[in-house]
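This report looks at charged side-chain pairs. Please view the sequence and the model together.

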Amino acid sequence: MAQPDQKKFFENLSGAGKAIAVLTSGGDAQGMNAAVRAVVRVGIYVGAKVYFIHEGYQGLVDGGENIEEAKWESVSSMLQVGGTVIGSARCKEFRTHEGRRAAALNLVLRGITNLCVIGGDGSLTGANLFREEWSGLLDELVQQGKIDKESAEKYSHLNIVGMVGSIDNDFCGTDMTIGTDSALHRIIEVVDAIVTTAQSHQRTFVLEVMGRHCGYLALVSALACGADWMFIPEMPPADGWEEQMCTKLSENRARKKRLNIIIVSEGAIDTSNKPITSEHIKDLVVKCLGFDTRVTILGHVQRGGTPSAFDRILASRMGVEAVLALLEASADTPACVVSLCGNQAVRLPLMECVQMTQEVQKAMDERKFEEAVRLRGRSFENNLNTYKLLAHRKPQSELPISSFNVAVLNVGAPAAGMNAAVRSAVRVGITEGHKIFAVNDGFEGFAKGQIKEIKWGDVGGWTGQGGSLLGTKRTLPAKHLEKIAEQMKANQINALLVIGGFEAYLGLVELLAARGKYDEFCVPIVMVPATVSNNVPGSDFSIGADTALNAITDTCDRIKQSASGTKRRVFIIETMGGYCGYLASVGGLAAGADAAYIFEEPFDIRDLQANVEHLTAKMKTSIQRGLVLRNENSNENYTTDFIYQLYSEEGKGVFDCRKNVLGHMQQGGAPSPFDRNFGTKIAAKAMLWISRKLKETYRKDEGRVFANTDDTACLLGMRRRALVFQPVVELKNETDFVHRIPKEQWWLKLRPLMKILAKYKTSLDVSESGQLEHVVRHRRPEESEGVPA
């Protein structure tokens with residue numbers, strides 16, 4: 001990594017004299033267009049020529065009109081479009097030596113020596129072979145008289161950078177591939193729709209999802225919807241699974257559960273390597289249980305629709321990183337793939353990733369399924385471990401014996417995904433042998449004694465519910481400390497799990513300060529961040545923020561569509577977030593906004609004027625619409641109304657204005673797959689931490705738990721590449737308590753990307769980019785887990 005005193009800035013990298021071509025290959029995936037857009041605009045921004053290659057490798061071999069120079073406006077309006085606008089195709093010719101030679105000629109004739117390939121492992125392997133053969137292909141072209149020696153010397157090496165576009169998330173080396181999150185959105189939309197109809201009729205639904213060789217979509221959707229049973233290629237069910245599954249379904253129905261969901265990956269197999277089909281499962285359920293059972297095969301629905309906010313941001317970040325990698329590449333640089341590790345974009349050698357992806361298949365062919373799961377990477381492994389923890393209720397006799405009572409409460413404003421977190425915490429806690437108590441209405445309800453034991457079945461079906469089923473209030477505990485302490489004593493509460501936003505964090509600070517006066521608070525306490533504002537110190541992400549981002553992005557898409565009909569219109573949209581500009585900034589990047597006003601980046605009348613001038617210039621091009629986001633507390637004087645009136649006045653005769661305050665719709669709705677999954681995994685990890693701390697702090701001689709060290713009151717957050725427990729005391733120095741935000745926020749680094757993609761000249765620190773890393777093959781036990789995906 002570059003040292004802090006050797007800052008590396010994007011604007012110092014020049015693409016002058018360079019030509020970059022971008023192609024999409026293999027199966028299409030939502031978000032590919034966002035990646036193409038980022039490559040084109042960043043390439044043009046640095047002064048390079050950028051070319052589209054239409055129809056994938058077929059276009060590369062055929063040449064002619066298939067290779068077209070891209071302009072800034074060429075990629076307008078494609079951010080929100082699914083699939084790939086420049087086309088994709090399977091190409092037999094490129095697999096032949098002659099086909100690759102034809103492709104090399106087409107590139108050399110246009111002076112293109114930088115190729116950005118967006119596709120799966122087959123597409124990327126083909127690109128690497130092309131690069132390895134490049135100098136030989138040029139020699140052959142010289143011999144055939146198709147190019148001269150000077151051209152062969154001038155274009156002597158080809159740089160390749162890959163981005164993985166695949167809805168299956170089947171590529172090793174990256175936590176998430178472009179398109180996976182959007183495919184999960186399609187699956188969860190279907191599941192949520194099925195839930196309503198199935199509950200009306202007491203039905204069992206067998207859902208078949210894509211994933212011929214990789215069970216990621218089935219696994220994560222099973223986690224995100226609380227499926228009763230799941231089948232994936234990496235984990236064939238043990239012999240006798242038919243009887244076990246039917247027993248489980250029958251028990252669930254006996255507990256008044258009106259709906260059973262079974263999720264099957266299309267590549268699911270049993271231990272004898274025989275396919276397990278959705279029809280076979282349906283017949284089995286009907287024959288053994290007589291349940292009304294239906295099969296839904298999702299098919300290409302999963303590839304369709306508009307990309308999610310996550311995929312747009314991921315693809316935009318990867319596109320920028322890909323151009324950086326091409327600008328910095330030399331003849332000795334191996335072909336690399338831009339990947340996501342935790343919350344960081346990293347570069348990995350392409351063939352290391354491909355080799356590991358092939359090793360997964362080899363392990364599965366050899367029936368080494370545990371090895372296959374480990375090779376899939378930490379994201380897959382963590383999902384599978386969480387699923388195993390939550391899916392099957394163990395008989396009472398198999399549970400560890402624990403005399404501990406744990407209370408769970410929600411604090412602050414409601415956030416989508418809170419209920420998934422509560423469900424996960426309750427079930428993991430019960431599996432650990434604890435009694436779990438649910439507190440209604442936060443600290444206020446705690447003080448009033450609104451506390452009761454909650455059982456496994458009580459949280460069934462909670463993952464897809466928005467808001468907070470426990471009820472939540474913003475009330476802080478300071479005024480009610482004595483009453484809360486009384487309730488903790490009366491209910492013998494030995495640990496607390498608090499799920500919430502900034503108020504929850506302040507609540508922990510207050511409980512910690514009260515430990516000296518009240519022994520009842522000397523218990524393990526952990527907080528899981530859940531707020532749409534994403535303003536909790538100690539975590540890059542909060543539960544609920546992804547759902548809010550998708551609400552903003554969907555609204556912006558519709559608004560942009562209405563503007564494209566009327567022409568020359570600018571929309572000013574106010575987002576939530578308090579003083580935190582996360583939603584406005586990252587929503588702006590996902591929606592293709594022209595500007596986003598936030599508190600963390602002060603702005604004045606000159607900035608507003610510059611934005612108006614920028615939009616005026618834009619209206620003279622073919623893109624005759626504008627989108628401006630404003631965080632609700634970005635400036636007390638430059639209100640949404642003020643900005644709307646200023647733009648209306650200054651834009652007279654050039655564009656007209658509309659404004660829209662999104663308000664509480666950002667907090668509502670069904671949680672996104674990311675929030676369901678993040679809530680599920682982070683709460684499970686928090687409950688396991690509580691179990692460990694309870695054992696460590698139990699004093700046998702006194703027969704009680706006593707925890708008063710700093711490390712027994714923690715916040716569990718996502719930091720860069722890992723989920724980490726951080727003592728709340730240590731986070732106080734990182735907090736701006738007046739404005740309720742962390743002093744340093746990682747996403748501020750994304751703001752220049754939005755500006756660059758909107759054609760503003762700006763400074764971008766790329767010190768963290770650059771060095772090629774290697775694929776981590778064996779995860780060390782002490783490593784924390786990465787981004788939930």
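How many salt bridges does a search of the whole structure find? The search finds 34. A salt bridge here is a side-chain nitrogen of Lys or Arg within 4 Å of a carboxyl oxygen of Asp or Glu.

## Basis of the values

The model is predicted: local features need pLDDT of at least 70, side-chain atom pairs count only at pLDDT 80 or more, and totals for chains, interfaces and linings use all residues. Residues are numbered from 1 along each chain as its sequence is written, and side-chain values use heavy atoms, with hydrogens and water left out.

Glu133 and Arg100 form a salt bridge, N to O 2.7 Å. The pair links distant parts of the chain, 33 residues apart: Glu133 sits in helix H4 (residues 121–143), Arg100 in helix H3 (residues 97–108). Helices are DSSP runs (H or I, at least four residues), strands likewise (E, at least two), numbered from the N terminus.

Both Glu133 and Arg100 are buried. Buried means under 20% relative accessible area, exposed over 50%, partly exposed in between (1.4 Å probe, protein chains only).

## A pair within one helix

Arg186 bridges to Glu189, with the closest N and O atoms 3.4 Å apart. The two are three residues apart in helix H6 (residues 180–201), so about one helical turn separates them. Arg186 is buried at 11% relative accessible area. Glu189 is partly exposed at 45%.

## A helix, a loop and a network

Lys618 and Asp594 form a salt bridge, their closest N and O atoms 2.8 Å apart. Lys618 lies in helix H20 (residues 605–618) and Asp594 in the loop between helix H19 (582–591) and strand E18 (595–597), so the pair ties together parts 24 residues apart in sequence. Both Lys618 and Asp594 are buried.

Elsewhere, salt bridges link Asp519, Arg699, Glu702 and Arg704 in a network.
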